[in-house]
Amino acid sequence: MGKKRGGARRRDTGKPRKDDESRDDVITKIDMKNAPLEAYYKAQNIVPEEEWNTFFDALKQPLPTTFRMAGSRQVAHELNHIIKTSYVPNMADTVFEGEPVAAPVQIPWYPEGLAWQFNVPKKVLRKSPEFKKFHSFLVFETEVGNISRQEGVSMIPPLLLDVEPHHYVLDLCAAPGSKTAQLLEAIHREDTATTTSVPSGLLIANDSDQKRTHLLIHQSARLPSPTFMVTNLDASIYPIMKLQAPGRNKHTNQLLFDRILCDVPCSGDGTLRKNLGIWKRWGPGDGNGLHSLQLRILERAMKLLKKDGRIVYSTCSMNPIENEAVVAAALQSNPEFELIDVSHRLPELKRRPGLSTWRVTPDKTVGTLYDTEAEFTAAGPSAAGSNAKLAASHWPPANAAELGLERCLRIYPHLQDSGAFFVAVLERKSKAKASVTAQDRKRGAESPVPQPEAKKPKTDATPEQTDVTVDVDVEPELAEGADTPHPTEGSAEEPKERGPDTTFKENPYTFLAADDPNVLTCIEQLHLTPSFPSSNVLVRNPAGDGVRALYLTNDIVKTLIQHNDYSRIRLTSAGIKTFIRQDAGKDAAGKDAGSRFRILGESLPVALPFTEEGRIMEAEVGVLRRCLEGYYPLCSGFEEPFKSAIEARDQGCHIVRFSLASSADPTLSRHLILPLWKSNVSITLMIDKKAKSALSLRLFGEDITTAGKETAKEQQAKAASKAAAASSSNVTPMEDVEDTMGVDVEGEKEEEKVVVAEV
Ligand SMILES: C[S@@+](CC[C@H](N)C(=O)[O-])C[C@H]1O[C@@H](n2cnc3c(N)ncnc32)[C@H](O)[C@@H]1O
């Protein structure tokens with residue numbers, strides 16, 4: 001299950017739970033102090049002096065719970081309407097233990113009012129009937145991917161990246177994937193509630209931590225996409241991939257991106273309100289140490305970007321060494337880039353400009369800070385912490401004032417009751433504009449361009465070697481500060497070419513021929529239309545194994561897989577698992593019915609546009625109710641006309657359009673399309689039990705599923721035994737220290753998700 005966040009906070013009146021005693025993040029309000037942290041940020045003047053106390057007090061307050069509506073736009077608006085018109089009015093006048101409790105409110109700056117926040121103690125969520133009901137709704141809708149719990153400020157970078165469905169997008173440090181999900185939604189903005197579009201774009205989510213890449217795969221399962229790939233590489237040496245040159249069979253181009261998100265690893269002190277352990281362990285060395293990696297990642301992104309492309313660089317740290325210093329150094333060495341003014345974007349988001357001056361300390365007590373590298377060097381070896389590895393790029397460059405650093409966004413907790421965050425939006429300019437910028441910067445730079453001491457990306461000076469001709473415009477690498485040639489698309493350097501990675505243990509990715517018997521069988525059994533992209537079907541089976549699952553990709557994902565060694569790019573996932581072969585059990589005569597392909601429930605929106613309309617069955621909401629109430633309702637038990645219709649169908653996968661016209665809630669879609677599996681005498685809905693519960697709550701206002709009823713019984717029994725134990729020991733039972741919504745983006749998700757149909 002998902003990691004619990006901020007969950008280890010000790011209650012004001014209670015002692016820590018036994019299992020909390022060994023944890024370093026268990027901390028009370030009284031421990032929320034760190035003298036070096038306070039001295040450091042005061043010295044950086046990150047907020048005006050008169051604002052300091054408000055700012056610092058806000059850092060000690062519990063962070064509100066925030067969430068946004070995810071999934072297709074139609075479902076998002078539908079659920080938002082339900083929250084606004086049903087749940088919020090219901091919670092509006094809640095009084096708990098004599099105190100009024102505020103209902104959730106929409107986050108004012110988030111587009112279309114699709115994000116919310118609330119701040120109530122956990123016991124309110126558990127004990128107030130109004131909040132409890134809302135909490136269940138959130139938990140279930142989060143489980144099925146219609147709601148994403150995400151810190152409010154962390155929603156900003158993808159919004160400013162301006163992703164469109166045709167863009168090639170790279171998320172370099174992506175895990176656990178809350179921003180990746182937003183990027184996927186942007187690529188899929190043309191999707192309807194029932195059907196997934198097949199955008200021409202691409203999203204590669206990368207993380208260097210192999211375990212965390214699996215969180216990305218899990219996260220993306222909530223929005224199945226044929227455009228999606230996951231890689232497991234060090235972002236600072238991310239390789240250039242090859243792709244098919246249009247119309248030239250034996251030629252490849254280098255893959256450059258329209259949009260790159262660098263949400264880099266950072267000290268995380270912007271998350272002090274929820275990661276309380278940071279109060280104990282924060283030191284200036286964290287940011288100093290991360291600076292070089294952050295800079296190498298941003299500079300690598302710059303090499304991978306198309307001309308006129310956009311990079312968003314972000315951290316959840318307030319430290320200028322991890323923020324403005326990184327951006328300034330990267331701009332210095334890549335003069336064709338500039339910071340974009342986004343002051344008109346998200347107008348209700350309260351923000352402060354980026355800093356143009358900051359100070360650096362090698363001393364963990366923050367006793368001395370140095371304004372320039374020269375001052376630090378002059379202090380000599382006797383200065384505290386002088387052996388710290390500091391580079392010129394830690395300090396503001398001489399021409400910092402000309403870099404437009406005030407265009408960066410700094411978000412602080414007291415501005416709108418949020419976490420702290422830093423965002424910079426950079427664009428690679430076209431030649432004419434860039435040469436002016438470069439000349440200006442050259443003139444402005446009084447000192448040599450600062451470079452970090454720490455290791456630089458291991459890059460060759462030559463473009464990528466390929467086994468076929470590389471069809472790209474390659475220009476010499478732009479000299480720092482030079483005013484002559486500017487790199488064009490395709491000029492990125494390539495880290496040393498590596499051979500296949502033998503340590504990489506994933507199964508291979510093999511495209512099947514369009515007339516492969518497995519593809520033809522799948523098309524025939526599921527009645528797919530001729531428009532089905534049968535040449536974009538891949539399998540992940542080791543050679544010789546029978547074909548079980550078929551994955552679907554779009555064209556760009558296919559060409560990338562075909563032109564790049566999957567182990568070299570450490571490709572962990574590509575495309576979307578759409579069809580699966582399933583044993584059909586016995587037929588009516590008791591004979592083995594063989595195996596048949598079925599559509600995975602969560603991938604139905606991908607397959608639906610290719611399904612013959614005439615094969616979709618129609619049913620009333622009563623049929624759905626029975627399918628939710630029992631695991632395997634008998635075909636013979638349904639009312640006509642569905643009874644005869646289902647009995648006439650073969651064993652295997654069928655798609656049903658349920659009419660919700662008679663549903664009491666007018667805000668719901670009028671249709672719901674779901675896959676079911678027919679065995680010899682019964683049927684079952686092919687969605688997981690949590691998706692069934694979410695659907696049941698939405699349609700019937702209660703969880704009528706068998707699993708839901710069993711869980712409710714277990715919970716009642718647990719509560720009764722807790723109460724009995726408490727009354728016998730005369731002690732109030734300790735509240736659980738669970739995450740308020742039970743699940744977050746790191747939570748594990750079961751297989752399939754509910755699909756709500758178009759009105
Ligand atoms: C701030 S987190 C990213 C959060 C993520 N963007 C999200 O919104 O869910 C930073 C991530 O960078 C990864 N990371 C650390 N060093 C890296 C490197 N050299 N290359 C790629 N990823 C790296 C970490 O494993 C971590 O998952």
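Where in the chain is the place of Glu112? Select Glu112 and you will find it in the loop between β4 (105–106) and β5 (115–118); strands here are DSSP E runs of at least two residues, helices are H or I runs of at least four, and both are numbered from the N terminus. Color by torsion if you can: phi of Glu112 is near 60°, a positive value in a residue other than glycine.

Before moving on, note that this is a predicted model, in which local features need pLDDT of at least 70 and side-chain atom pairs count only at pLDDT 80 or more, while totals for chains, interfaces and linings use all residues. Residues are numbered from 1 along each chain as its sequence is written.

**Next stop: two cis peptide bonds**

Select Ala175 and Pro176, which are joined by a cis peptide bond with omega of about 5°. Pro176 sits in the loop between β7 (168–171) and α7. Then jump to Glu640 and Pro641, where another cis peptide bond has omega of about 10°. Pro641 belongs to the loop between α18 (621–629) and α19 (642–648).

**Next stop: α7 and α8**

Two packed helices are described by the angle between their axes and the distance between the axes. Select residues 178–187 for α7 and 210–220 for α8: they pack at an angle of about 40°, with axes 9 Å apart. Axes are lines fitted to C-alpha atoms, for helices over the stretch in contact, and angles run from 0 to 180 degrees between N-to-C directions. The two helices are therefore oblique to each other, since angles under 35 degrees count as roughly parallel, over 145 as roughly antiparallel, 65 to 115 as roughly perpendicular and the rest as oblique. Show the side chains of Thr180, Ala181 and Leu184 in α7, which meet Leu216, Gln219 and Ser220 in α8; contact requires C-beta atoms, placed from the backbone, within 7 Å.

**Next stop: α5 and α20**

Now select residues 129–143 (α5) and 689–700 (α20), which pack at about 135° with axes 8 Å apart. That makes α5 oblique to α20. On the α5 side, the contact includes Phe137 and Phe140; on the α20 side, Ala694 and Leu697 are among the residues taking part.

**Last stop: the ligand**

Select the ligand and its surroundings. Of the 20 residues around the ligand, Cys173, Lys179, Ser208, Ala235 and Asp263 come nearest; a residue counts as near if its C-beta atom, placed from the backbone, lies within 6 Å.

Methods. Contact = placed C-beta atoms within 7 Å.
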